[in-house]
Amino acid sequence: MLKSELRQEIKVRKCRFTADGLREQSLAIVRKALDHPRVGKARTILLYHSMPDEVDTHDLIDRLYRQGKTVLLPVTLGDDLEIRRYEGPQRLRESHAFHIMEPVGEAFADLQAIELVIVPGVAFDGKGNRLGRGRGYYDRFLRQVPQAYKLGLCFGFQMTETVPVGPTDVAMDEVLCG
């Protein structure tokens, strides 16, 4: 199956769920993430501020921040991700490119301090392969943080037998799904 075909298949599967249904599934996945030993141990974590069709990470971000962890979120700049500290919901603004809430402030330069990256995806397989939205933002960034444990988050219907991969795709160390 081609990447474009798999993206379309997952889009069809996603349409079978209401927004409330996706929120409910997100709660269970977030609970799994909060109980995960890597999440508990990590001091510096890069997450994503979810879009409406992704596992909802808004509460996860706030809870980890309140636990005193250094929580980082990406900002899209051209073809790359710039990483910035999360300093509370009042320090977020909506991006023009993707209408995602992004932190304001300076770039976080100490990429080697990132211990865990929690990554969204369109689809994942049992080998940790990930299909993104097609722009390569995360694949390019993940190559810059080889020391970080890569944890994908997804709904159960986003797991598939095989994700087509290319030479620039970066696999997850583990995938949590509901």
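The lining of the largest pocket divides into 13 nonpolar, seven polar and eleven charged residues, where Ala, Val, Leu, Ile, Met, Phe, Trp, Tyr, Cys and Pro count as nonpolar, Asp, Glu, Lys and Arg as charged, and the others, Gly among them, as polar. The model is predicted, so local features need pLDDT of at least 70 and side-chain atom pairs count only at pLDDT 80 or more, while totals for chains, interfaces and linings use all residues. Residues are numbered from 1 along each chain as its sequence is written, and side-chain values use heavy atoms, with hydrogens and water left out.

The largest pocket has a volume of about 560 Å³. Of the 31 residues that line the largest pocket, Arg130, Arg133, Arg135, Tyr137 and Tyr138 are the closest to its centre. The largest share of this lining, four residues, comes from α5.

Just after α4, Gly68 takes a positive phi of about 90°.

Thr57 is found in the loop between β1 (44–46) and α4 (58–66). Thr57 counts as buried because its relative accessibility is 0%. Leaving aside neighbours within four places in sequence, Thr57 is in contact (heavy atoms within 4.5 Å) with Tyr48, His49, Ser50 and Leu153.

Key:
Helices (H or I, at least four residues) and strands (E, at least two) are DSSP runs, numbered from the N terminus. Buried means under 20% relative accessible area, exposed over 50%, partly exposed in between (1.4 Å probe, protein chains only). On a 1 Å grid over the protein atoms alone, a cavity is a set of points where a 1.4 Å probe fits but cannot get out, and a pocket is an open set with protein on both sides within 12 Å along at least five of seven lines; lining residues have an atom within 4 Å of a point. Grid points are joined across faces, edges and corners, and a volume is the space filled by probe spheres set on the points.
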